[in-house]
Amino acid sequence: MSHVLKKVAAIHDLSGYGKCSLTMAIPVLSAMGIECCALPTAILSNHTGFDHFSFFDFTPQMPAFIREWQRLNLHFDCIYTGFLGSAEQIALVEGFLQSFKQKDTLVLIDPVMGDNFALYATYTPQMCRDMRRLVHHADIVTPNLTEACILTDTPFPQESPDLPFLRKLCRDIFKQGPKKVVITGIINQERSLVQNFVCQGEHDEGFMGRNHYNFKSYNGTGDLFASIVTGCCVKGMDFVSAVQKASDFVCKTVEYTYLHNDNDLDGILFEVFLKELMDNV
Ligand code: PXL
């Protein structure tokens, strides 16, 4: 089935303030000329990096939402998922994939579970097992190094991982189903570079993309990265170029935010550069 606009079903939380998940995916995909259809998993006043926030769990509403989309007979070119709040939600997303994934539907799962070698507070061991099951349905996964280790039950590395370590992580992820993996946020031993390791199948040696590391990190950068990769892949760009494009955009935005923003929690100033995504993809 073809549409004038490609359609992406984006299954993430909606944080009203602070720019992450849906408030990142919707503007990024729209700027890239892609229709972003949002299935919220939770509605928050602001992201969880702040000391306080309101949280409304949308899980009970999700089945009705999904049923209405089935009645509308929607077809998606891509299904893109990120942060999921409970084991029940992971099961709902699995059901969604079973209903809506067709031969020509790209499934990109960002297995948001943790960072800096720790699980996020809301993540239970059961949810990690469920996330491992969910990635069986993915064509592409975009874990950070911490999440790649959790997905494959690999002890966290003591120092910056070398290529054989990264290749083994990817091979273990391929055994779970995905065909393309990018492991993000790999800081080199000298702490001067932030790197992404891209691998496209068991026999691929892999490719290490590199960018300058300025020691800053902001909530939502992972969502910005994964949303751009999603948009590029939906538009048919090859995977290595998509990752490089996303990585360059994130680095430029982080650098600009560092120079111009007072409060790190306000999120990254990606809007300043959004026009480049309209023009260049
Ligand atoms: O960017 C990941 C993310 C997703 N959803 C919520 C968050 C964060 C990161 O802080 O708080 C609610």
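Visitor: Which residues do ring pairs link into a cluster?

Guide: This is a predicted model: local features need pLDDT of at least 70, side-chain atom pairs count only at pLDDT 80 or more, and totals for chains, interfaces and linings use all residues. Residues are numbered from 1 along each chain as its sequence is written, and side-chain values use heavy atoms, without hydrogens and water. Rings of Phe, Tyr and Trp (its six-membered ring) pair if their centres lie within 6.5 Å. The cluster links F56, F58, F65, W69, F76, F96 and F100.

Visitor: How are the rings of W69 and F96 arranged, stacked or edge-to-face?

Guide: A search of the whole structure finds 13 aromatic pairs. For W69 and F96, the ring centres are 6.1 Å apart and the planes stand at 65°. Planes under 30 degrees apart count as stacked, over 60 as edge-to-face and the rest as tilted. So this pair is edge-to-face.

Visitor: How far apart in sequence are the parts that W69 and F96 tie together?

Guide: Helices (H or I, at least four residues) and strands (E, at least two) are DSSP runs, numbered from the N terminus. W69 lies in helix 2 (residues 62–71) and F96 in helix 3. The pair therefore ties together parts that are separated by 27 residues.

Visitor: Is F96 buried or exposed?

Guide: Buried means under 20% relative accessible area, exposed over 50%, partly exposed in between (1.4 Å probe, protein chains only). F96 has a relative accessibility of 1%. So F96 counts as buried.

Visitor: At what angle do helix 3 and helix 4 pack?

Guide: Axes are lines fitted to C-alpha atoms, for helices over the stretch in contact, and angles run from 0 to 180 degrees between N-to-C directions. Helix 3 (residues 87–100) and helix 4 (residues 125–134) have axes 9 Å apart. The angle is about 10°.

Visitor: Which residues in helix 4 do A87, I90, V93, E94 and L97 meet?

Guide: Contact means heavy atoms within 4.5 Å. The five named residues sit in helix 3. In helix 4 they meet M127, D130, M131, R133 and L134.

Visitor: Which residue in strand 10 is the bridge partner of V182?

Guide: Strand 9 (residues 180–187) and strand 10 (residues 193–199) run antiparallel, joined by five bridges. The partner of V182 is V198.

Key:
Two strands pair if DSSP finds at least two bridges between them.
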